[in-house]
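Student: Can you walk me through this one? I have the coordinates open and want the main features, quickly.

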Amino acid sequence: MDFFVILGPVVLLFIVLGFVTYAIFFERKVIGWIQNRVGPNQVGPWGLLQTVADVLKLLIKEDVIPQKADVSLFKLAPIIAYTPAFAVLAVIPFTESLKFADIAVGLLYYMAVSSITTIGILLGGWASNNKYALLGGMRSAAQMISYEIPLVLSVVGVAMSAGSLNLTEIVKAQQTGVWFVLPQFLGFIVFLIAAIAELSRTPFDLPEAESELVAGYHTEYSGFRFAFFMLAEYTYIFAMASLITLLFFGGWSAPFGLTFIPPLIWFIFKFLFFVFFLFWLRATMPRIRVDQLMEFAWKVLLPLAILNIFLTALFKEIPVLSQFY
Amino acid sequence: MLRTEEMLLNVGPQHPSTHGVLRLVVKIDGEIIQDAEPVIGYLHRGTEKLAEDLNYTQIIPYTDRMDYLSAMTNNYAICHATETLMELEIPERAEFLRVIVMELNRVASHLVWLGTYLLDIGAMSPFLYCFRDREQILNLFNELCGARLTYNYMRVGGVKWDAPPGWLDKVKEFVKYMRNQMPEYHGLISGNEIFIQRTRGIGIVTQEMAISYGLSGANLRCTGVKWDLRKNQPYSIYDRFDFDVPVGKTGDLYDKYHCRMQEIIESLKIVEQAVEGFPEGGSTMAKVPRVLRVPEGEVYVGIESPRGELGCHIVSKGKDKPWRLKFRRPSFYNLQILPALLKGQNIANLVAILGGIDIVLGEVDC
Amino acid sequence: MSGQEKEFEKKSTEGKELEQEEKKQTESRSERFPNVPSSSEQSTAEEHKPETRLSIANQESSSNSTDQQQTSINPKKETTPPSGELKQENKEVLPKGPQAAITGKGKPSATPRPRPAAKPVKEEKPLPPSPEQPTLDRYVQLIREQVHEEAVEQGFVNRVNNHLPTLIIQSKWWLAVAELFKKHPDLAFDYVQNYSGVDYETHMEVVIHLYSFTHEKRVCFRIKTDREEARVPSVVHLWHAANWNEREIYDLLGIHFENHPDLKRILLPDHWVGHPLRKDYVPLDKEV
């Protein structure tokens, strides 16, 4: 047991690094195919080593710190951004047995810890002493804080239905009935949109809107520090895709009684679908404007999330429907 | 009450969406723009000064570098002005070739605009689709004159190269292909809610403003002014073709987008008609002397480039070189309105409005 | 204008026979373009007087002709070379020039347009009046009435350029003329098609091509100003489009626009020395 506690996270770290490497590769390939291109195909067989080469290049790059930057904060920001991204993975159960920390308030822990990243991004934007980075950092802070509210409220319905904040319990609650994606459809839609906004992916990629803010909060970052921001971003994709699988798609449970496929494979399959969905969206959508973004969070998503809570509470009391909730 | 401060933001000259080396000094309060001042001249090469030491044929390649997205219309502007002053009669075949390449170039230019505009707004894929289709036009030009961007194709008195065998069929094929592509673009972009939200009611230009600022092209037409030099002051053989001038109503970015999309269709119409009526045989070059001595006089002709009225003002003193050559560059005129449009907008709209004007810095700075 | 210019050119090209010869040669050819005001006008003024000199002729006929008009006409008479001499020049120079084809003296290879201006010089029939002549006369009339009798220095129809009415204005009258052409309901020129400046070595000119959307008319103004003290009133308050154009002209030609809201260099850096499009411009750094 001790062995697992010490080595497990290290193994997970490498799995996450591997995921990030190939998520980036896969993203480039998928978007390439969507856009009538071939994508990376030069480094290694089928271009498989492209991201490895990219990371290597980032590692050996000169470490540039702008002269007028706030040096200590500038150095600290990527760490603050990345650490919570990895920390949230602790509560995610991949299968019934493969999990690290099975705490009772797993969902709450995820929401609470993941918002720390915002501080890292804001610090990075501010410490760079660059106007674009500052604007990107401000946008990021505003966006993440705004979208956290509908994000949290939209999962309240799930928690009410499952009667628990423990992610394993939530999955188990779905194994007896239907997946929460059906009864909690409204909650799912709000969660999906808010999750994309939290991840700062297209169409909510305002903090790093290339055409407006050059590179947003990481304009001045290069080399390994930049890699850390990228790593944090893709680790969150890993975490968010896992979370959405757990909350709405029954986690590792097999649909239609297809139990001969191992649970972990089911988990990975559902998880990858969501990752693909993000890439697909990125290739299709234009970017929303900052004021529209705020309006959307407060005027559309928040009321919908509250409505979802209300409906869930209501349906729980209706005899026929209550079996789904 | 927190103390807030205005901030000067330097957008450009190296910035992903200034389409070249435009620099904007923007005074912002948070993200709201209080004041914006375009700073231009980073790409000034003194074309007008250089032209005073070059003979008329030598100027043509310099015009390629002005509006590098539609070098054909630039070529035509200088040739047309010179021909007007010399009162040359251009062979039929040359006129048809000129119209075909100019209209194809207009389609290519609008495709680049469409792609980069959506890139500005944040959509990545349309850019590559547009470039895929534009590539076909560039291949056609490559076959015709051996260049993909700076064609140096036209000459005073005609065109340099005749169409190679089978070229017109390829053009016809392309017209058909491009027609089929248009619904796909509309399907991807026109109905997209985010795109509509980003463009509807943004950057509204009134008719009075547009006229007073001397806007032209789609920037003027989107306000509802039906002003297309191909119709209003016909040149070349445009009066022989049947095409419409699409106009907008409100003068916002969405109308601009639709005007340009319609213009692609209309240009394809013209190309199709020109290919149909293409004269058999005949020369592509009027008989002009080796050294062009343009009679003394002054002339200003404007033609409809993809960006608007591209004018050429020549003052000749009867030499083989122009005494004074001045280009009326549509981008230069259109860019002027930017500060007026930007007041009170946010940074995201800055990019959208700037993209909507459709400037080419090679032309602004000349 | 042309008389002074002629004198100036003679002085400036003294000793450069080749260049002078070329000038004469071009002069003779430009007879075909009598409507274009230039140094060659003296040779053609007599032929096409009713056409080109109409506004001046009107001035003369009117009772109060002034000194300025006199000066604009007098030097012409003085400097007009004997026509025989000019013809001789023609014979000597023209055949060897490759431009024979253009002038229509040889066999015109390009089919000449049915335009009267394209006729060979030998025909001395006066050109039929331009369709735009009445328009031009009305403009001249209006300016005389509303601005000043002397405001129009010269008015003619630029036949080559699609019969464009062209008016030459002294810079001191330009502001009033511009206001008239913008605001008068019968004129309402609301669109700037082109705005440029020309250095003629004797003087500077600002050329502005206007268009009226209401009446669908075009007009060209050439505002003359002194070369050393180049000053022209700004018209930014009438047409916004003038703003950057005036800055550009100031930048490249050094013409100062009075009352311009923000007259500074636009294309060249602020510390640039000189105005490159002036004919006497010498680059500060020879290597550039």
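**Interface, sheets and helices**

Tutor: Start where two chains meet. About 5200 Å² is buried between chain B and chain C, with carbon and sulfur atoms giving 54% of that area. Bear in mind that this is a predicted model.

Student: How many residues does each chain put into that contact?

Tutor: Chain B brings 54 residues and chain C brings 64 residues.

Student: Which residues of chain B lose the most area to chain C?

Tutor: Those are B:E87, B:E296 and B:E298. Together they make up 15% of what the chain B side buries.

Student: How many salt bridges are there between chain B and chain C?

Tutor: The count is 5. One pair to look at is C:E248 with B:K326, a salt bridge whose closest N and O atoms are 3.1 Å apart.

Student: And over all chains, what does the salt bridge search find?

Tutor: It finds 44 in the whole structure. In chain A, A:R28 forms a salt bridge with A:D54, with 3.0 Å between the closest N and O atoms.

Student: Where do A:R28 and A:D54 lie?

Tutor: A:R28 is in helix α1 (residues 2-34) of chain A, and A:D54 is in helix α2 (residues 50-59) of chain A. The pair therefore ties together parts that are 26 residues apart in sequence.

Student: Staying in chain A, at what angle do the axes of α6 and α12 cross?

Tutor: Roughly 10°. Helix α6 covers residues 131-162 and helix α12 covers residues 290-317 of chain A, and their axes come within 8 Å. Angles under 35 degrees count as roughly parallel, so α6(A) is roughly parallel to α12(A).

Student: What classes of residue make the contact of α6(A) with α12(A)?

Tutor: It has 19 nonpolar, 7 polar and 2 charged residues.

Student: New topic, sheets. What is the strand order in the chain C sheet?

Tutor: It runs β1-β2-β5-β4-β3. This is an open sheet of 5 strands with mixed pairing.

Student: Which strands of chain C stand at the edges?

Tutor: β1 (152-158) and β3 (191-199) of chain C do. Each has a single partner strand, so one side of each is left without a neighbour in the sheet. Neighbouring strands are turned by 20° against each other on average, direction ignored.

Student: How do β2 and β5 of chain C run, parallel or antiparallel?

Tutor: Parallel. Strand β2 (residues 164-170) is joined to strand β5 (residues 217-225) of chain C by 5 bridges. C:I169 stands opposite C:I223 in β5(C).

Student: Which strands of chain C does helix α10 lie across?

Tutor: Helix α10 (residues 171-183) of chain C lies across β2, β4 (204-212) and β5, running at about 135° to β2(C). Helix α11 (residues 242-253) of chain C lies across β3 and β4, at about 10° to β3(C).

Student: Back to chain B. What is the strand order in its open sheet of 3 strands?

Tutor: β6-β7-β8, with antiparallel pairing. β6 (297-305) and β8 (324-328) of chain B stand at the edges. The twist averages 10° from one strand to the next.

Student: How many bridges pair β6(B) with β7 of chain B?

Tutor: There are 9, in the antiparallel sense, with strand β7 covering residues 308-316 of chain B. B:S305 stands opposite B:G308 in β7(B).

Student: Which helix of chain B packs on that sheet?

Tutor: Helix α3 (residues 71-86) of chain B, touching β6, β7 and β8. Its direction makes about 150° with that of β6(B).

Terms used: Residues are numbered from 1 along each chain as its sequence is written. Chains are lettered from A and ligands numbered from 1 in the order in which they are written. This is a predicted model: local features need pLDDT of at least 70, side-chain atom pairs count only at pLDDT 80 or more; totals for chains, interfaces and linings use all residues. Side-chain values use heavy atoms; hydrogens and water are left out. Axes are lines fitted to C-alpha atoms, for helices over the stretch in contact, and angles run from 0 to 180 degrees between N-to-C directions. Helices (H or I, at least four residues) and strands (E, at least two) are DSSP runs, numbered from the N terminus. Angles under 35 degrees count as roughly parallel, over 145 as roughly antiparallel, 65 to 115 as roughly perpendicular and the rest as oblique. Ala, Val, Leu, Ile, Met, Phe, Trp, Tyr, Cys and Pro count as nonpolar, Asp, Glu, Lys and Arg as charged, and the others, Gly among them, as polar. Two strands pair if DSSP finds at least two bridges between them. Contact means heavy atoms within 4.5 Å. Buried area is the accessible area (1.4 Å probe) that two parts lose on being put together, summed over both. A salt bridge is a side-chain nitrogen of Lys or Arg within 4 Å of a carboxyl oxygen of Asp or Glu.
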